[in-house]
Amino acid sequence: MINHSYTTYTVEDLKLGFRCKNVHFSWKPYKDRFESHRKDYDRLIVSIFHYGILKPVITYQGHVLIGMRRVEILQRMSPLQSIKCCEILEDVTQWTTKDIDRLDELKKQIGEVEY
């Protein structure tokens with residue numbers, strides 16, 4: 001189980017992606033995405049506009065590990081908005097690729113966060 005807690009960040013203060021020696025959580029801006037990925041992104045924009053954020057954003061020291069597209073969209077729509085995040089308290093810089101698999105268990109454990 002991953003040690004975590006809930007915290008609130010202002011959307012503009014969140015950093016997209018995270019790189020360290022052993023693990024990388026990569027992010028590409030909209031303009032650098034393939035056309036097929038842009039269509040999924042555009043559908044996500046519509047969903048957020050109508051329903052808000054339905055799934056949790058997982059962070060480590062203000063770096064978004066899971067939910068980068070959602071945060072990017074919110075940064076464009078309403079950067080001063082606050083968002084509740086599941087903050088990982090473990091030292092992610094010491095993780096290996098095997099530890100990344102534990103994130104799936106965390107996503108199942110926390111389910112959907114109410115915003």
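The legends below describe several close-up views of a predicted model.

View 1. Strand β2 pairs with β6 in the parallel sense over two bridges, and here Leu 16 stands opposite Val 64 in β6.

**View 2. Strand β5 between its two partners.** With β7, strand β5 pairs in the parallel sense over three bridges, and the bridge partner of Thr 59 in β7 is Glu 87. With β6, strand β5 pairs in the antiparallel sense, again over three bridges, and Tyr 60 stands opposite His 63 in β6. Val 57 and Thr 59 point one way from β5, whereas Ile 58 and Tyr 60 point the other way, and all of them are buried.

**View 3. The hairpin of β5 and β6.** Two residues lie between the strands of this hairpin, and Gln 61 has its place in the loop between β5 and β6. Although Gln 61 is not a glycine, its phi is positive, at about 50 degrees.

**View 4. The buried residues of helix α2.** In helix α2, which spans residues 68-77, the buried residues are Met 68, Arg 70, Val 71, Glu 72, Ile 73 and Leu 74. The elements that cover these buried residues include β2 (15-16), β4 (24-25), α1 (35-51), β5 (57-60), β6 (63-66) and β7 (82-88).

**View 5. The largest nonpolar core.** This core has 32 residues, and those with the most contacts inside it are Phe 25, Ile 88, Val 92 and Leu 103. Two or more residues are given to the core by each of α1, β5, β6, α2, β7 and α4. Leaving aside residues up to four places away in sequence, Val 92 touches Phe 18, Cys 20, Val 23, Phe 25, Tyr 60 and Leu 65. In soluble globular proteins, nonpolar side chains tend to be buried together.

**View 6. The buried side of helix α4.** Leu 103, Leu 106 and Ile 110 are buried in α4, and they lie on the same side of the helix because they cover an arc of only 55 degrees around its axis. An α-helix has 3.6 residues a turn, so residues three or four places apart point the same way. The buried residues of α4 pack against β1, β4, β5, β6, β7 and α3 (97-100). Just after α4, Gly 111 takes a positive phi of about 55 degrees.

**View 7. Cysteines without a disulfide.** The count of disulfides comes to zero. The sulfur of Cys 20 is 18 Å from the closest cysteine sulfur, that of Cys 86, which is too far for a bond. For Cys 86, the nearest cysteine sulfur is that of Cys 85, 8.7 Å away, and Cys 86 is in no disulfide. Cys 20 counts as buried at 14% relative accessibility, and Cys 86 is buried with a relative accessible area of 0%.

Methods: Residues numbered from 1 in each chain as written. Predicted model: local features only at pLDDT ≥ 70, side-chain atom pairs only at ≥ 80, totals over all residues. Heavy atoms only, no water. Buried < 20%, exposed > 50% of the residue type's maximum accessible area, 1.4 Å probe, protein only. Helix = DSSP H or I, 4+ residues; strand = E, 2+ residues; numbered from the N terminus. Contact = heavy atoms within 4.5 Å. Pairing = 2+ DSSP bridges. Disulfide = S-S within 2.5 Å. Core = buried A, V, L, I, M, F, W, Y, C linked by side-chain atoms within 4.5 Å. Arc of directions from axis to C-beta.
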